[in-house]
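I opened the notebook for this chain today.

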Amino acid sequence: MTAIPSPRGACCSVAARLLRTLRSGSALPSELLAALGVTNDALLHLTTHLESLGFDISRHPMLGYTLMEEPQCLTPEAVLSHIEGDWVPEVMALSTTTSTNTEAAERGLLEASGPLAIFAEHQTAGRGRLGRKWEAKAGEGLLVSILLRPNSPQATWTRITTLTALAVSEAIESVTGVYAGIKWPNDILVDSHKVAGILAETGTSPTRGAFLVVGIGLNVNQTDFPPELASKAAALRQILGGKVVNRAALAAKIIDRLGFWIERMEQGFELALKAVTLRSTVLGRQLTLHSGTMSATGTAEALDENGGLLLRLADGELRAFSAGEVSLRGA
Ligand code: BT5
């Protein structure tokens, strides 16, 4: 594993504030010192640090500091600089790892408090549900896992998978203008093509108790996929006719929307359920749901209070499912 960890600590968040300030226009050193509340030496240190990450910052005697260009690689500084809300997890970025879900779970076992978001540019063993593979070329997608220690009863944690799907689809729409639907339980679709998948896993630390990891794989700037995925997967860049999408801005928007919904969970889940229902690609449709060796066919009628699927079977029974694989009739 090659790590470029950058804790939520002071340096990273001030660097993020510096980026945010420079994005709104050039600034004189005196303005930056006042805005950031740092010394001259610290400002020099911050700009040198950002330059080492690939940010091109010009320093002009009259115009001051100008942000000329931002790197494509995903850094905690860039992600944090785009976050608007108050819910700010600790952010780490790795260049390569086996799986960000594994990284987050290891930290969950090691007592990390969370929320903690771990990004990677590349995964050597990225996974989906039931041991399936998640394919993503290095540096093109968004691969992130968020470690959480929810206060709510574990039986309700499936709500957080639902909120994650909602946050991802809302972020896609907000950053790119592209409408994204939610295929229960964990796929994000644009025009029937899978652009993202979510993998929720739980674990228990002997000292800190249970934790939840929600992993998100989102196709952003890929231009092609392996043959077996080419007809069913799509990347935002392909949907936007080749336009490259800023992954840091997208990542920050996902964090903002997830924070928004998690904070509202204390007041109930109804509002989120309404939003998910509106984006659902399965509700009202005939489908077959597979879960282990069992399969059931019926009409997807609604989502229950934990985000489970309520299926109306042919004999009229309404049965609830908390997980499963859905194949739509006629799709
Ligand atoms: C998922 O599983 O869709 C959850 C994927 C979660 C991946 C993230 S990446 C960050 C974090 N770290 C991890 O190791 N995992 C999470 P599932 O519903 O089981 O779908 C898996 C199936 O999606 C595969 O069998 C393929 O058919 C398909 N697939 C694989 N890569 C894809 C891609 N890039 N785009 C669209 N579909 C893909």
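Predicted model: local features only at pLDDT ≥ 70, side-chain atom pairs only at ≥ 80, totals over all residues.

**Entry 1: charges over a ring**

I looked up arginine 264. Its charged end sits over the ring of phenylalanine 260, 3.8 Å from the ring centre. I then checked arginine 257. Its charged end also sits over the ring of phenylalanine 260, at 4.3 Å from the centre.

**Entry 2: the aromatic pair**

How many aromatic pairs does the structure hold? I found one. The partners are phenylalanine 260 and tryptophan 261, with ring centres 5.0 Å apart and planes at 90°, so I logged the pair as edge-to-face. The cut-off I used for that call is planes over 60 degrees apart.

Is tryptophan 261 buried or exposed? Its relative accessibility is 7%, so I counted tryptophan 261 as buried. Phenylalanine 260 has a relative accessible area of 26% and is therefore partly exposed.

**Entry 3: leucine 258**

I placed leucine 258 in helix α9, residues 247-264. Leucine 258 has a relative accessible area of 0%, so I wrote it down as buried.

**Entry 4: strand β5 and its neighbours**

Next I went to strand β5, residues 116-123. Seven of its eight residues are buried, and I noted the strand as mostly covered. Strand β4, residues 90-97, pairs with β5 in the parallel sense over seven bridges. Between them the chain passes through helix α5, residues 100-109, and this β-α-β crossover is right-handed.

I looked at the other pairing of β5 that I had listed. Strand β6, residues 142-148, runs antiparallel to β5, and five bridges join them. In β5 it stands opposite alanine 93. Phenylalanine 119 also stands opposite valine 144 in β6.

**Entry 5: domains**

I read off the domain division: domain 1 covers 2-69, domain 2 covers 76-279 and domain 3 covers 286-328. The C-alpha centres of domain 1 and domain 3 lie 52 Å apart.

**Entry 6: the five-stranded sheet**

What is the strand order in the open sheet of five strands? I read β14-β13-β12-β11-β15, with antiparallel pairing. At the edges are β14 (318-321) and β15 (325-328), and each pairs on one side only. Neighbouring strands are turned by 45° against each other on average, direction ignored.

I followed two of the pairings. Strand β11, residues 286-291, pairs antiparallel with strand β12, residues 294-303, over six bridges. Histidine 290 stands opposite serine 295 in β12. Leucine 287 stands opposite glycine 298 in β12. Two residues lie between the strands of this hairpin, and glycine 292 takes a positive phi near 60°.

Then I moved to β12 and strand β13, residues 309-313. They run antiparallel, joined by five bridges. The bridge partner of alanine 300 is leucine 311 in β13. This hairpin has five residues between the strands, and glycine 307 takes a positive phi near 90°.

How values were computed:
Residues numbered from 1 in each chain as written. Heavy atoms only, no water. Phe/Tyr/Trp six-rings, centres within 6.5 Å; stacked < 30°, edge-to-face > 60°. Buried < 20%, exposed > 50% of the residue type's maximum accessible area, 1.4 Å probe, protein only. Lys NZ or Arg CZ within 6 Å of the ring centre and 35° of its normal. Helix = DSSP H or I, 4+ residues; strand = E, 2+ residues; numbered from the N terminus. Pairing = 2+ DSSP bridges. Right-handed = clockwise from strand over helix to strand, strands pointing away. Domains from an automatic or database assignment. Axes fitted to C-alpha atoms, helices over the stretch in contact; angles between N-to-C directions.
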